[in-house]
Amino acid sequence: MEDQNRNPLNFLKVVRFLYRWKITFLAAVLPSAILAYILASPPFTDPLYRSVTTFYPTSEGALSDQVIHPDGVHEEGYLNFGEEQRVEVFLETLNSEKIKGIMLKQFNLFEHYDIPQDAANRYKRFSRTFKSNVEISKTQFQAVKVEVLDEDPRMAADMANALVQAADSLQNQLRNERAQNTLRIVKDKYQQQQNRVATLADSVKALADKGLVAFEEQSERLVETLGKARLENQG
């Protein structure tokens, strides 16, 4: 009972204290709010423009599979898009250090972000600024969304488009390298089969030189001759 009576009294004391010193509080808070509003206004801070690009990663060259499997056995069509695995791969590509390096060089971002050449940890400062200005995410419909903030609206749009193009080019490069490796493996297998065919041809030729030109035909004639001989012996 004693605690219940004490809480209302404490609350009333706080209210009375604030009311007594309201002029002092207003004098301290109001100038700070006005100053913060002024410093955040365009004359003191440059506005940032947002550019957004949304796209669906398409199938990775499944057109050839459709040609090879025209009966529809292959599950992936070359018109498929927005599959979760491809979206995740594209997100990893966009967030890779390789893409950051391409953007750094293409747009001279050290100078654009006002990072001096002799600045300590300049790459770390660039990475931090780039991360705060670029956001890459996945939408609920399995699309990839790239958002770029910049003081220059044209720069923001160019960087957003360049990010997508750089990631697509990098993936094409990786696919081409994989295709070249696969082609080398296929060529090796083909050469092995060619060598095997040549070996078999040499073996057949050696048998032909010994008189075994048509083994099946000679076997049939041999069976026929044996059959006639048995009939003659029975007669």
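A salt bridge here is a side-chain nitrogen of Lys or Arg within 4 Å of a carboxyl oxygen of Asp or Glu. Keep that cut-off in mind for the tour.

**Before you click**

You are looking at a predicted model, where local features need pLDDT of at least 70, side-chain atom pairs count only at pLDDT 80 or more, and totals for chains, interfaces and linings use all residues. Residues are numbered from 1 along each chain as its sequence is written, and side-chain values use heavy atoms, with hydrogens and water left out.

**Stop 1: the whole chain**

Start with a cartoon view. The protein has nine helices and three strands; these are DSSP runs numbered from the N terminus, with helices being H or I of at least four residues and strands being E of at least two.

Now colour by accessibility. Of the 235 residues, 22% are buried. Buried means under 20% relative accessible area, exposed means over 50%, and partly exposed is what falls in between (1.4 Å probe, protein chains only).

**Stop 2: Arg50 and Glu147**

Select Arg50 and Glu147. They form a salt bridge, and their closest N and O atoms are 2.7 Å apart. The pair ties together distant parts of the chain: Arg50 is in strand 1 (residues 49–55) and Glu147 in strand 3, 97 residues apart.

Arg50, Lys145 and Glu147 are linked in a network of salt bridges. The structure holds five salt bridges, so two more pairs are worth a visit.

**Stop 3: two bridges within helices**

Go to helix 5 and pick Lys100 and Glu97. Both lie in this helix, three residues apart, or about one turn. Their salt bridge has its closest N and O atoms 3.6 Å apart. Lys100 is buried at 15% relative accessibility, whereas Glu97 is exposed at 58%.

Next, select Asp158 and Arg154 in helix 8, which sit four residues apart, again about one turn of the helix. Their side chains meet in a salt bridge at 3.4 Å, N to O. Asp158 is partly exposed at 29%, and Arg154 is exposed at 54%.

**Stop 4: the nonpolar core**

A nonpolar core is a set of buried Ala, Val, Leu, Ile, Met, Phe, Trp, Tyr and Cys residues joined through side-chain atoms within 4.5 Å. The largest one has 31 residues, and those with the most contacts inside it are Leu94, Met103, Leu109, Phe130, Val144, Met159 and Leu163. At least two core residues come from each of helix 4 (84–94), helix 5 (97–106), helix 6, helix 7 (122–133), strand 2 (134–138), strand 3 (144–150) and helix 8 (153–209). Which element gives the most? That is helix 8, with 10 residues.

**Stop 5: a negative patch**

Back to the surface: select Glu111, Asp114, Glu151 and Asp152, which gather in a patch of negative charge. Patch members have over 30% relative accessible area and no salt bridge, with like charges joined within 9 Å and nonpolar side chains (Val, Leu, Ile, Met, Phe, Trp, Tyr) within 5 Å. Asp and Glu count as negative and Lys and Arg as positive, with His and the chain ends not counted. Glu111 is in helix 6 (residues 109–112), and is exposed at 58% relative accessible area.

**Stop 6**

Most residues other than glycine have a negative phi. Which way does Asn121 go, positive or negative? Its phi is positive, at about 55 degrees. Find Asn121 in the loop between helix 6 and helix 7, where it is exposed at 56% relative accessible area.

Gln142 also has a positive phi, near 60 degrees. Look for Gln142 in the loop between strand 2 and strand 3; at 21% relative accessibility it is partly exposed.

**Last stop: Gln85**

Gln85 is exposed, with a relative accessible area of 64%.

Key:
Accessible areas come from the Shrake-Rupley method with a 1.4 Å probe; for residues, only the protein chains shown count as cover. The place of a charge is taken as NZ of Lys, CZ of Arg, CG of Asp or CD of Glu.
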